[in-house]
Amino acid sequence: MDIRSQISMVFHLDKCIGCHTCSIACKNIWTDRKGAEYMWWNNVETKPGTGYPTKWEDQDIYKGGWKPAKNGAIKLRGAGKRQLLNIFSNPNLPTIDDYYEPFTYKYLDLIESPEGEVQPTARPVSLITGKPIDIKMGPNWDDDLSGTPDFARQDSNLKALSPAQSQAMFQLEKMALYYLPRICNHCLNPACVASCPSGAIYKRGEDGIVLINQDVCRAWRMCVGACPYKKSYYNWNTGKSEKCILCYPRVEAGLAPACMHSCVGRIRYLGVVLYDAEKILQTASGEEQNLVDTHLDIIVDPNSPEIIRAAKSNGIADSTLRAAQNSPAYKFVKQWRLALPLHPEFRTLPMLFYVPPLLPVMASVAAKDNDPKSLNPIAKIWDDTRVYDTSMDKVFGTIDEARFPLKYLASLFSAGDEAQVKIRLKKLMAVRIYRRHLTVGDIQANQATQALDEVGLTAKDADAIYYLTSLAQFDDRFVIPASHREQALEMLEFTGDVKGCTGFGTKEHPGRGP
């Protein structure tokens, strides 16, 4: 075994309120600079929708991620001799129109225009060319537009659905949406690292954060094309590629990244997991239907004496081991198996996991004492003649008939395996039934126990899930060991000394390569 430590994250989608506070926090700290105006290292998308950049999930367009090779291994989807021909002009790269052309307004026109009969206006101008533009797109252009033909109906995940299922999603009664926050996944098998001709991108050994060395980067932009999540960006001003750095100066001090610290819905969790590096190739090159299980199997139990010995022999500090044992990410991903990776079929082994959205699928209104008159659609929901039915069979039955078909969620989180999504939704439902039994009392104890038994949870598990989901304190959600600076010479030089007003610092001023 080759046991290593990795920062892992969990986003609970049932808690995201789509406020975009995380995006603004990241933008204000890191990408409020010339050449980075269009970059949103953290963005929140509405699903169903095309996302940012548009249709980033469609690898038939962008050729990102890995694919199986003939010899049983894997290879980059966009790599090979043909890709070298495109090194100076890559047709698979997203264009500025796929993101959006950043813009501002000529606000001075509002106060400096001469007196006239017409109210002055602030015309939009491009932040790239400085010329007036007609705004056609933005980083959040499809926010809450889950039923529009321009965005929702162009969602790449709808390809997995039958025409009837796809059409049913957009019926007025069934129309729904949820938010999908995205940052760099800091993958175990990052395609961006493998694709860089200059070797500028690397994965830190102490915490697994993926970074781009600004001094080595030569802006080939292979990382932009290779990342299937499109979380590597090109700065047209400095001539360098950039990406989310997981606020590593904060993480090194044991502090939460800015996007997570500012999260209003408290959907974000961050902690350390231990994994067996010897299994990375085997896991990434496995059969597509097994990718989720093998991905989770690579994560090992931090409480096992054997794992602890192997980790210490690899130089992992006791503080890191203690953090791994208390990690909320390990609990959600491996212990309770509630979270799933985003698009595991890309084979990058992302270390950002999502608890899938349960959505409003829970109950139905049934007749009381078999009185058909009580089902009068005009009757009020709180009429004494009707009952809000939360019984076991009804509740679990509705998961298959959710507003979002299981096949759609499976296309996002489990490489099409509906069973992986269904069992997690059932676990979330079972915890709700158990908590309703304790707080409302309209569900019998035997029904609540049966619900937990069917999904392999105990009452203790349900209480722990409820606490970490609803009542967790800051230190419960973010368990981050401070870095051992005495063991890393590169940490002795503080990049903040040359950071300037905004953005991230470098030991030398970034400039275009020779």
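**View 1. Arginine side chains over aromatic rings.** In this predicted model, the charged end of arginine 153 lies over the ring of phenylalanine 170, at 4.3 Å from the ring centre. A charge is taken to sit over a ring if CZ of Arg or NZ of Lys is within 6 Å of the ring centre and within 35 degrees of the ring normal. The charged end of arginine 182 likewise sits over the ring of tryptophan 56, 3.8 Å from its centre. Because the model is predicted, local features need pLDDT of at least 70 and side-chain atom pairs count only at pLDDT 80 or more, whereas totals for chains, interfaces and linings use all residues. Residues are numbered from 1 along each chain as its sequence is written, and side-chain values use heavy atoms, with hydrogens and water left out.

**View 2. Aromatic pairs.** The whole structure contains 18 aromatic pairs. Rings of Phe, Tyr and Trp (its six-membered ring) pair if their centres lie within 6.5 Å; planes under 30 degrees apart count as stacked, over 60 as edge-to-face and the rest as tilted. Tyrosine 100 and phenylalanine 103 form an edge-to-face pair, with 6.5 Å between centres and 80° between planes. Tyrosine 100 is buried, at 6% relative accessible area, while phenylalanine 103 is partly exposed, at 24%. Buried denotes under 20% relative accessible area, exposed over 50%, and partly exposed the range in between (1.4 Å probe, protein chains only). Ring pairs also join Tyr38, Tyr52, Tyr99 and Tyr233 into a cluster.

View 3. Asparagine 189 is located in the loop between strand 7 (178–182) and helix 7 (191–195); helices (H or I, at least four residues) and strands (E, at least two) are DSSP runs, numbered from the N terminus. Asparagine 189 is buried, with a relative accessible area of 13%. Its side chain reaches the backbone oxygen of arginine 347 at 3.0 Å. Residues touched by asparagine 189 (heavy atoms within 4.5 Å) include Trp66, Ile74, Ile280 and Leu349, not counting residues up to four places away in sequence.

View 4. The buried residues of helix 13 (residues 305–313) are Ile307, Ile308, Ala310 and Ala311. They lie on the same side of helix 13 because they cover an arc of only 165° around the axis, taken from the directions from the helix axis to the C-beta atoms. These buried residues pack against strand 1 (3–12), strand 12 (268–276), strand 13 (299–300) and helix 14 (318–325). The face turned away from the buried side carries the exposed residues Pro305, Arg309 and Ser313. Glycine 315, with a positive phi near 85°, follows helix 13.

Note on methods. A polar contact is a pair of N or O atoms within 3.5 Å; within protein, one must be able to donate a hydrogen and the other to accept it, and residues adjacent in sequence count only if both atoms are side-chain atoms.
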